[in-house]
Amino acid sequence: MKTYFPYYFKRIGILFVFVAFILSFIGNIDDCRRGFYEGWNDARKGIEYEEVQETQGDFLKPYFTKEEAKPWITGSLVLSILGFTLYLFSKEKIEDEFYQQIRSKSLIQALFVTWIFTGLVYWLGPEYDLDGFYILQLHLLFFTLVYAYNRKWKFGTE
Amino acid sequence: MKNTIKVERAKKDITQAGLAEQLGVSRQTINAIEKGKFVPSTALALKMARFFECKVEDIFLLEEED
């Protein structure tokens, strides 16, 4: 599978994913704090601020409303997809048929892993909102991991 | 598929990195081919044969399961 971007796009991709991680952290800071103080199960239910205030007072007052958090989360999603795409479809330092074949194999393997994972989530945890761009993001994440494994360990020298 | 690249390299006294440079591929590619993890394309096999001054079938040998 041929690639289209020059090698230095890999670094830009990594930078985008890093920024996306920060944006995601900011956008989800309230859920993160709530989950940390109240436990995973309560945070998962998406308890509203008023309910939190009754039990915790102003200690867990959210930084953002859902509307305010949305641009951060959307920005994070778009940047991460862009970043993963740039990283995965950029050439290696010395690009050749070996890397093209590994990339192609990894893409197929990651697709299977994504199907299985998504199926399990729909089956075992239907309350999770896993759809659309999140599945694409998940696929790119699995692709990154499988490609790194194949390149470094399965077919590589480490 | 077995191959005799390591032997041919030793005859020519050339490292994996040197061979990779001559053939325009990465060192990892040569290593993967040597270890039998990757079967190269016909073009790359022909380039290798030309470099080692022998036939392709002298370098790459079919096994029973191939």
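Predicted model: local features only at pLDDT ≥ 70, side-chain atom pairs only at ≥ 80, totals over all residues.
Author: Buried means under 20% relative accessible area, exposed over 50% and partly exposed in between (1.4 Å probe, protein chains only). Residues are numbered from 1 along each chain as written, chains are lettered from A and ligands numbered from 1 in written order, and side-chain values use heavy atoms, without hydrogens and water.

Reader: Is Glu92(A) buried or exposed?
Author: The side chain of Glu92(A) meets that of Lys10(A) in a salt bridge (Lys or Arg side-chain nitrogen within 4 Å of an Asp or Glu carboxyl oxygen), at 3.5 Å, N to O. Lys10(A) has 7% relative accessibility and so counts as buried. With a relative accessible area of 9%, Glu92(A) is also buried.

Reader: How many residues apart in sequence are the parts that Lys10(A) and Glu92(A) tie together?
Author: Lys10(A) lies in helix α1 (residues 9-27) of chain A; helices are DSSP runs of H or I, at least four residues, numbered from the N terminus. Glu92(A) sits in the loop between α5 (66-88) and α6 of chain A, so the distance in sequence is 82 residues.

Reader: Which residue forms a salt bridge with Arg9(B)?
Author: The closest N and O atoms of this pair are 2.5 Å apart. Arg9(B) lies in helix α1 (residues 5-12) of chain B and the partner in helix α3 of chain B. The partner is Glu34(B).

Reader: Is Glu53(B) buried or exposed?
Author: Glu53(B) and Lys12(B) meet in a salt bridge at 2.9 Å, N to O. They are 41 residues apart, with Glu53(B) in the loop between α4 and α5 (56-59) of chain B and Lys12(B) in helix α1 of chain B. Lys12(B), at 36% relative accessibility, is partly exposed. Glu53(B) has a relative accessible area of 66%, so it is exposed.

Reader: How many salt bridges does the rule find across the interface of chain B and chain A?
Author: The interface brings 13 residues of chain B into contact (heavy atoms within 4.5 Å) with 11 residues of chain A. Over all chains the count is six salt bridges. Across this interface the number is zero.

Reader: Which residue of chain A is in contact with Leu44(B)?
Author: Leu44(B) lies in helix α4 (residues 42-52) of chain B and counts as buried because its relative accessibility is 3%. Beyond neighbours within four places in sequence, its contacts include Leu23(B), Val25(B), Thr29(B) and Ile33(B). From chain A, the contact is Glu97(A).

Terms used. Helix = DSSP H or I, 4+ residues; strand = E, 2+ residues; numbered from the N terminus.
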